[in-house]
Amino acid sequence: MPSAGPSHRIAVIGSGPRGLSVVERLAARLLDAPPLQPVHIHLVDSAQVGSGRVWRTDQPLWFLMNTVAGEVSAFSGRPDDGPVRPGAGPSLAEWWQAVDPDGADPLGYAPRALYGRYMQYVLNTVEANLPEDVHLHRTPGEVTDLEPGADGYRIAFADGGTLTADRVVVTTGHTRPELSADQQRLADFAAAVPGLRYFRGDSAADMPLDDIPAGSTVGVLGLGLSFYDVMAALTEGRGGRYETGPDGSLRYLPGGREPLLVAGSRSSMPVPGRGRHQKDFDYRYATRLFTAERIRRTGGAPVRFRADAWPWLRAEMDLVYYATGLRRTAGDGAAEAFTADVVAAARTGVPDVRALAARHGADTLPPLDIDALARPFGGREYPSPEAFTSELVAAVTTDLEHAEEGNVDSPLKAALDVLRDTRAVLRELVDFGGLAPDSHRDEFLAWFVPRTSFLAAGPPRTRLRQVIALIRAGVLRLAGPETRFEAAPEQGTFVVSSPRVRGSHTPATTVVDARIPTPSLLRDPAPLTRALVSRSLLTSYVNTDGAEAFDTGGVAVTQSPYHPVGRDGRPDRGLYVLGIPTEHTRWFMQGGSSRPGFWTDFVRDADAIAADALAPVATTDGARRQPAAVLA
């Protein structure tokens, strides 16, 4: 059909999962209603267009995802009777089985590089199915500036190139914020003493871990998901391998080039493992107690997390915990009767779930205490590193036993899954200043988020088995609770120690910060961020209530479709900011994929932006192209 107007140009800066999802929804909408004017979509990335930095395809295979492959999809709809296309395509697990039928594991955890390949497949499928006069441009390069103008937004690149767009979507993902004072002290000490190294928090695939000498001692700060990546890179990545025993335990066979890892954190407990996956991939949990309607205060007053939200969320977890135990011991009928009693009791306030469980004979389970689970060694003193190690291995072994039972059959793992399954309710309560400022800062971000991140975002079970094997092989030590990483100028080394473990003092020549940096607009030194701040296009969101104010550090955006709010308080309607840069304005923006079978907030966000970005485009509901799927 003849063109009805000039080209409409959309630039998406950052091609990780969020950026790819926006492009997929742009393509799906254009395929559904082909445009009557040319549309140009520019997907921009400084690392790998289509996969981004964290998921790039050239990273080693020992870096794993922490979500089961069958729960991940970058298409906004399931396959149907038509060809694979934007809006209808396979999940990661289905694609994996198609390209590697012998090695795929839908219930397993795919390498991150494999997910990067899947993202490339999705992008290839998008490009192969674009309507006539819709053009996808893969644009490599680092964006350093973005300036509004009369003819659109002028995008400047580090190499001197430029690009002009009518709409710009910023999905720049994980940043490398400025170091904190404590981190800077360690970095400065390493820079001043020959032979010492300090590696800042980042994706392990981007750390210069190959520079660490074999046989040296490495302090690893943090025991979260990045710890497991660092652990794998310095063991499997150094030629080590594991043998599986008859009981499923692992024995580590060193490659001979490993350093000694001395790791620790405040709890000194590695992040617990995810329960064996037992749920359907399109499983959706319906809360019975923890709902936003129940928790919101009358008159629109901000919610206080500990007083208003946490009692209901804890009751929801207790309900699942005891119902799972009853189902295991007395059958489905007993669990359903207990659940009905709890729901009935909730009509008059937060129910005493444990007391109701006792009436149904389910009180043999120990009380569910997330503080004790997140800090299992809190307040304990140990006479030697060996004494602490013995208790640590016992705790990890116990966690593995719960994880092996599964996320449906284990009362503990089923209850902890509630923390994952209720994220949408939490976002509804927390986002855009839903909590009182001090409650947002102190109760939610400082107290709840570290605990839920520790308990609900665990690695594959095999990682915990590897921890035990490495400890027994003498390659890994856990220092103990309240681990300290300090400079020791008199020794010319770092020192790793725990005040709770006598004799834990260990010199180290390298410190690796294995914590994912907290995003903050205030501390992001990226040239594009600083340019947007200087132009007053980006500001940080301040949660205010009367005299109380909390500067969250997240980019201030409108409600969907998430236009940034400038210093003058006005949104820029041609710009959109999505994902990690908005963390703390919204919560849990680090989620890296959607689910097959239904739309999560992840896809709804991308679709809302796609719809708004395409609003000026004249379209037709004419015939649709149906090219063949791309399986490479």
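**Exercise 1. Describe the largest cavity of this predicted model: state its volume, its lining residues and the elements that supply them.**

Solution. 

Step 1. The volume of the largest cavity is about 150 Å³.

Step 2. Its lining consists of 16 residues, and those closest to the cavity centre are Leu 521, Asp 524, Thr 529, Val 555 and Pro 581.

Step 3. Two or more lining residues are given by each of α16 (527–534) and β19 (548–555). The most come from α16, which supplies 3 residues.

Step 4. Sorted by class, the lining of the largest cavity comprises 10 nonpolar, 5 polar and 1 charged residues.

**Exercise 2. Describe the second largest pocket: state its volume, its lining residues and the elements that supply them.**

Solution. 

Step 1. The second largest pocket contains about 430 Å³ of space.

Step 2. A total of 23 residues line this pocket, with Leu 373, Thr 398, Asp 399, His 402 and Leu 412 closest to its centre.

Step 3. The elements giving two or more residues to the lining are α7 (305–330), α10 (370–374), α11 (385–405), α12 (411–421) and α14 (437–456). The largest share belongs to α11, with 5 residues.

Step 4. The classes in the lining of the second largest pocket are 16 nonpolar, 2 polar and 5 charged residues.

Technical notes: Residues numbered from 1 in each chain as written. Predicted model: local features only at pLDDT ≥ 70, side-chain atom pairs only at ≥ 80, totals over all residues. Heavy atoms only, no water. 1 Å grid on protein atoms, 1.4 Å probe; cavity = no way out; pocket = protein on both sides within 12 Å on 5 of 7 lines; lining within 4 Å. Points joined across faces, edges and corners; volume = space filled by probe spheres on them. Helix = DSSP H or I, 4+ residues; strand = E, 2+ residues; numbered from the N terminus. Nonpolar A, V, L, I, M, F, W, Y, C, P; charged D, E, K, R; others polar.
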